[in-house]
Amino acid sequence: MRVTTSTSSRRSTPGCSDGFSLVEMLVALTVFSLVGAAALTLATSARKVFEQDRNRTAVNQNLRSGIDLLGIDVRQAGERMPGDAPAIEITNGASNAPDQLTVRRNLLDYVLPVCKNINNTSAADAVFVAKNGGGSVPPGCAPVPDSNGDGWPDNIEAWRNYRIANGGSVLAYIYNPVTHFGEFFHYDAEDNSDFHIHRANTDNWQYDYPKNQQPRIYIIDQKRFLLSGDVLQYIANEDTAHPVNLVNHLTDFQARALMDDGTALTTMPATTGWTHLQSVEVKLVGTATFSGRTMRRTLMSRFFPRNVLSNQ
């Protein structure tokens, strides 16, 4: 019996390979590269938008902080001060330079009169604040009653108590409502026999203060806001050696006085009646630099000095 053995051959057919061809791999790599590049571009663009928004928000918050700090003091300006006192002043910057804004408020209920002439050729250390008999008495210079009988008139006693509570020496501010001149001086003592307070300064007075023009003496809080470089700061009571920095990265600071007759004043000297203010407008301009580009933002707000109402 004859047995015939048949052998079937195995053949490879196209499309049945176990791996990828070189062409397929190149195509896949190209597709992945394009997708990756697109994703990276989108991520970079999104990050840039995020950074721009963050910088814009930071600038806006910085401007808002400066505006809010200004607004607090503008609203308080004129506290315990009459209409002829210099509660608010605006100095217009020359050639579009930044402005300066000065606000003042009185810290004590009692205001002392000047009852004896003061001239600028004198370094007199006694400032007489009452006149007890003997000839004519200037307006407001009659001694104030001593309600508790301790030997101190109520107004001088209030000043004395404030001085002692604040370290024994404080700044006082003398102001002439006729000439609109004023200056600070250090007050460190008082006398209840001839009714005067003591001036610690040893230099001459800057201005004349004739008693018939009814000068007055205040304990005030004064802040002068200005732009120094790119920093908004204030100088308290003309202490230029110790300015207080508020916010930075600013390029401009502008202020206007909006009056109740509809006028807008870019300059408001002490001669302008602050009780006719409708509002004080302040504007801050700030910048931020990102990717070589400078972002400029402006914020403006108006504030009403509420003490205007107490003088109407």
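Student: How many bridges join strand β2 to strand β9?

Tutor: This is a predicted model, where local features need pLDDT of at least 70, side-chain atom pairs count only at pLDDT 80 or more, and totals for chains, interfaces and linings use all residues. Residues are numbered from 1 along each chain as its sequence is written, and side-chain values use heavy atoms, leaving out hydrogens and water. Strands are DSSP runs of E, at least two residues, numbered from the N terminus; two of them pair if DSSP finds at least two bridges between them. Strands β2 (residues 100-106) and β9 (residues 220-228) run antiparallel, and the number of bridges joining them is 6.

Student: Is Asp-125 buried, partly exposed or exposed?

Tutor: Asp-125 lies in the loop between β3 (112-113) and β4 (126-128). Buried means under 20% relative accessible area and exposed over 50%, with partly exposed in between (1.4 Å probe, protein chains only). At 36%, Asp-125 is partly exposed.

Student: Which side chain does a polar contact of 3.2 Å join to that of Asp-125?

Tutor: Not counting residues up to four places away in sequence, Asp-125 touches Ile-197, His-198 and Arg-199, contact meaning heavy atoms within 4.5 Å. A polar contact is a pair of N or O atoms within 3.5 Å; within protein, one must be able to donate a hydrogen and the other to accept it, and residues adjacent in sequence count only if both atoms are side-chain atoms. The partner at 3.2 Å is His-198.

Note on methods. Helices (H or I, at least four residues) and strands (E, at least two) are DSSP runs, numbered from the N terminus.
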